[in-house]
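User: Could you take one part of this model and walk me through it closely, from its own residues out to what surrounds it? I would like the cut-offs spelled out as you go.

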Amino acid sequence: MVTYQWGERLTPAFDVVPDQTSSAQDILQEQSAVLDQHSRTGQVGTDSSSSILSDDWQQRESRNELRHISGITTADEESEIEYRKIRLERVVLVGIWSSQDSSLQEAEESLRELSALAQTAGAVVVDGVLQHRARPDAATYVGSGKAREIANIVAAHDADTIIVDADLAPSQRRGLEDAAKVKVVDRTAVILDIFAQHATSKEGKAQVELAQLEYMLPRLRGWGASLSRQAGGQAAGQDGGIGSRGPGETQLELDRRVIRTRMSKLRKKIAKMEPQRAVKRASRTRSQIPTVAIVGYTNAGKSSLTNRLAGVDELVGNALFATLDTAVRRVSTPHGRPCNVIDTVGFVRRLPTQLVEAFKSTLEEVALADVIVHVVDATYPQPEQQIVAVNQILAQIDGVSTIPQLIVFNKMDAASLAVLERLHNAYPESIMVSAATGAGIPLLLAQIEHMLPVPHIEIEATIPYTYGSLVSKAQDRGSLDRVQWLAEGIAIHGFVDESLATQLMKAAAEVGAVEN
Ligand SMILES: Nc1nc2c(ncn2[C@@H]2O[C@H](COP(=O)(O)OP(=O)(O)OP(=O)(O)O)[C@@H](O)[C@H]2O)c(=O)[nH]1
Ligand SMILES: [Mg+2]
């Protein structure tokens with residue numbers, strides 16, 4: 001994970017507002033200028049290509065040995081300080097990869113991401129191991145031998161939790177728990193945990209709780225078994241299975257009912273909040289101001305970019321899923337057209353389906369946008385994977401496919417020129433920016449302006465001078481090609497949106513000067 005410190009502002013690499021009539025081609029040429037400038041100022045950031053496949057790894061005979069992944073553990077100083085305050089969970093991360101499904105690089109990257117997620121959730125990562133395996137073991141996910149090795153690692157580090165980089169079947173979770181003698185959770189549980197910690201609004205909290213319950217429901221059997229064992233009930237001392245049924249199962253049926261009732265209550269609660277959201281949305285639509293939705297992978301810099309577009313110099317912390325509630329900011333394009341920019345919740349690969357479902361109403365804001373800006377972290381080793389993950393989630397929201405989209409690579413200040421050039425070639429229509437330095441922002445605004453729906457009502461009228469402010473509004477929000485200051489008033493011609501057209505016609509009617 002790239003940590004960024006907001007340091008001194010660099011001069012924006014490009015600060016000329018391009019003419020509105022400039023074509024997409026011009027904008028792309030100017031984009032090359034930004035890249036060029038970037039190379040000349042010599043801002044070469046960290047080379048993010050990781051040398052993952054070392055020779056001796058490939059030469060190893062036993063390819064399926066546990067491979068410790070370096071650089072993913074929580075920094076020592078940090079854990080010590082934190083540790084004194086509260087007893088944080090000490091976790092060991094476990095993943096498997098098979099040559100058919102993925103590359104070792106991908107598995108490593110995924111484990112690094114899991115490490116970032118675990119730390120965001122408040123855990124101390126003490127070790128992370130990957131195992132090469134054609135398919136997961138049905139009983140313990142990693143196989144019984146590896147489970148014992150992992151048990152040793154857990155004991156050596158005094159860890160209390162294992163996080164598996166996959167979605168586990170309840171039986172696999174129990175099997176690994178029994179072998180390693182510590183709690184085992186999966187990737188989805190970690191993501192749900194972060195969401196639960198970050199939810200602040202009533203709606204957000206309800207959405208996350210619903211997702212958590214949905215996740216728990218099919219897994220109750222597993223939890224129930226370990227709970228009844230802990231409780232020392234009839235099933236105590238037995239390995240789940242037959243012995244764990246009986247009274248435990250009755251309890252489970254009860255739990256299931258309680259959970260289902262709670263879930264339907266939450267659904268109703270969320271549905272009730274929908275009208276409030278609709279009211280806010282309607283007031284935005286009434287004002288005829290187009291909306292731009294900022295979407296992207298978590299930590300891509302969506303909030304920083306939204307702030308930068310709005311001219312707000314606000315520090316945004318380096319945290320995954322920092323934003324859960326959508327926020328709207330008013331932004332003005334180079335020609336003064338106002339638009340509402342909506343900052344949204346970040347995505348992550350394999351985002352739990354329960355969350356996508358629960359956050360549907362929030363995500364629907366995206367479906368109503370006029371333009372979608374897809375922000376991508378250019379410093380991430382394989383941004384393409386993040387783009388694919390985000391597109392997969394977007395595809396689950398109705399009505400998104402018809403909205404014009406723009407890919408924006410952010411953090412160009414920290415990316416190497418080679419990477420930026422590669423990305424520019426792979427995505428020729430994309431724009432490179434830095435929310436931190438402001439580089440590329442005027443271009444981005446110009447491109448957004450290009451993509452906004454065109455005001456489509458033609459108007460030709462003479463407006464009394466007392467309505468001068470209406471004319472400036474028309475200049476800002478519409479496109480006027482003629483503005484003449486005559487004795488009888490201001491003669492204008494051009495295109496404006498509906499509400500402005502009505503107001504202008506009314507004003508013109510006062511002097512009976514309507515010509516069209
Ligand atoms: N170097 C660099 N860092 C940046 C830039 N933009 C954002 N960051 C950093 O990236 C991290 C994430 O930024 P956010 O704006 O919170 O990202 P986000 O996409 O809103 O993240 P979530 O809301 O958590 O999904 C922060 O530490 C920012 O300071 C940039 O242009 N350059
Ligand atoms: Mg954010």
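Analyst: Happy to; let's take strand 4, which is covered on both faces: T161 and I163 on one side, and I162 and V164 on the other, are all buried. Buried here stands for 20 or more other C-beta atoms within 10 Å of the residue's own, exposed for 12 or fewer, and partly exposed for anything in between, with C-beta atoms placed from the backbone. Helices (H or I, at least four residues) and strands (E, at least two) are DSSP runs numbered from the N terminus.

Please keep in mind that this is a predicted model, where local features need pLDDT of at least 70 and side-chain atom pairs count only at pLDDT 80 or more, while totals for chains, interfaces and linings use all residues. Residues are numbered from 1 along each chain as its sequence is written, with chains lettered from A and ligands numbered from 1 in the order in which they are written.

Now for the partners of the strand. Strand 4 pairs with strand 2 in the parallel sense through four bridges, and V92 is the residue opposite I162. Strand 4 is also joined to strand 5 (residues 183-186) by four bridges, again running parallel, and there I162 faces V184. Pairing requires that DSSP finds at least two bridges between two strands. In general, strands of a sheet pair through backbone hydrogen bonds, either parallel or antiparallel.

Setting aside neighbours within four places in sequence, I162 is in contact with V91, V92, V94, I150, V154, L176, A180, V182 and V184. A contact means that the C-beta atoms of two residues, placed from the backbone, lie within 7 Å. V184, in strand 5, is buried because it has 26 other C-beta atoms within 10 Å. V184 and V154 lie 30 residues apart in sequence and 11 Å apart in space, C-alpha to C-alpha.

V154 brings us to helix 5, whose buried residues are K146, A147, I150 and V154. Seen down the helix axis, these fall within an arc of 100 degrees, so they line one face of helix 5; the arc is taken from the directions from the axis to the C-beta atoms. In general, an α-helix has 3.6 residues a turn, so residues three or four places apart point the same way. The buried residues of helix 5 pack against strand 2 (90-97), strand 3 (124-132), strand 4 (161-164) and helix 6 (170-180). The face turned away from the buried side carries the exposed residues G145, N152, A155 and A156. The length of the helix agrees with expectation: at 1.5 Å a residue, the 13 residues of helix 5 (residues 144-156) should span 18 Å, and the end C-alpha atoms are 18 Å apart. That expected span is 1.5 Å times one less than the number of residues.

Two loop residues belong to this neighbourhood. D158 sits in the loop between helix 5 and strand 4, and its phi is near 55 degrees, a positive value in a residue other than glycine. D158 counts as exposed because it has 8 C-beta neighbours inside 10 Å. K181 is in the loop between helix 6 and strand 5, with a positive phi near 65 degrees, also in a residue other than glycine. K181 counts as exposed because it has 10 C-beta neighbours inside 10 Å.

Finally, the wider setting. I162 is one of the residues, with V91, L93, A118 and V292, that touch the most other members of the largest nonpolar core, which has 100 residues. Domain 1 (24-43 + 289-451) and domain 2 (65-265) both contribute residues, so this core lies between them. Another core, of 13 residues including I459, I490, I492 and A508, lies apart from it. A nonpolar core is a set of buried Ala, Val, Leu, Ile, Met, Phe, Trp, Tyr and Cys residues joined through C-beta atoms within 7 Å, and the domain bounds come from an automatic or database domain assignment. For the protein chain as a whole, 40% of the 516 residues count as buried, and the secondary structure comes to 19 helices and 14 strands.
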